[in-house]
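User: Could you take me through how to read a helix and some backbone torsions in a structure?

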Amino acid sequence: MAIAETAYAKINLALHVRRRREDGYHELETLFAFVDTGDVLTARSAAQDSVTVFGEFAGGLDDPFDNLVAKALGKLPRADGLAVTLEKNLPVAAGLGGGSADAGAVFRMVQARFGLPEDWHARAAALGADVPACVESRTCVGRGTGTELEAADDSLAGTPVLLVNPRLPLATGPVFGHWDGQDRGALPAGDARSVAIAGRNDLEGPAISLCPQIAGVLAELGGTSPILARMSGSGATCFALYESVAARDAAASQIGKLHTGWWQMKGLLR
């Protein structure tokens, strides 16, 4: 019997970078949220693990040794192998945690069929800073490198969201490398909606310096009267939150007519 899971698109409603650490990573505080759509994974029992990828952005995963689905399978002991098919709907190197979301979906599929080891969080964190949050795929606060998770309220659940990417990949490392090292303060207190609105993304400036088109995406989203428009993660995807599905869909239509080459995805926050 097949098991199916959605790898929910991750967005950072706020991302405050506090300092560079001696180990080369960055200390940060972020408010994670997840959209109710993304990549789709299907798994069946098999003699050994395997991964097959198709979909619009399958070409971005042409290195089998750098595939987080395969790496996640390797982290989780099981009685049987899994043959996983991945429909890659999210752009790669886009600030949406696509690979991490895929890995998180693998963890949930293994949990449903075999259960997870007690140290699943450490195994997930070893794959990437966003992976533990992506296993949960619920609004939460991440601290440290993003792996130290705290529960957050669901005041934004059901909020219409529009994702827009100029179809330009942007690697995380160079964006962090262009951060100016200035600590602009901690996440504000309050419910998720208040934190998102009062927060910021400290990587927007560095990302725009490397990919100026991001500023154009933010300007277009900002012109559609959203609750909030911001870049996600290290870019280049930006998001906007809206008060209604109708407002979101009108924004998507308006931007789609003006920028036919941009990638879009519509959804609701989980």
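Predicted model: local features only at pLDDT ≥ 70, side-chain atom pairs only at ≥ 80, totals over all residues.

User: What span does helix 2 reach from its first C-alpha to its last?

Analyst: Helices (H or I, at least four residues) and strands (E, at least two) are DSSP runs numbered from the N terminus, and the expected span of a helix is 1.5 Å times one less than its number of residues. Helix 2, residues 98–113, has 16 residues and reaches 23 Å, close to the 22 Å expected.

User: Why is helix 2 described as largely enclosed?

Analyst: Buried means under 20% relative accessible area, exposed over 50%, and partly exposed in between, with a 1.4 Å probe and protein chains only. Twelve of the 16 residues of helix 2 are buried, so the helix is largely enclosed by the rest of the structure; among them are Asp102, Phe107 and Arg108.

User: Which residues have a positive phi although they are not glycine?

Analyst: Most residues other than glycine have a negative phi, and most peptide bonds are trans. Arg167, with a phi of about 60°, lies in the loop between strand 7 and helix 5 and is partly exposed at 40% relative accessibility. Ser225, with a phi of about 55°, is exposed at 66%.

User: Which peptide bond is cis?

Analyst: The bond from Gly235 to Ala236 is cis, with omega near 10°, and Ala236 is found in the loop between strand 8 and strand 9.

Note on methods
Residues numbered from 1 in each chain as written. Heavy atoms only, no water.
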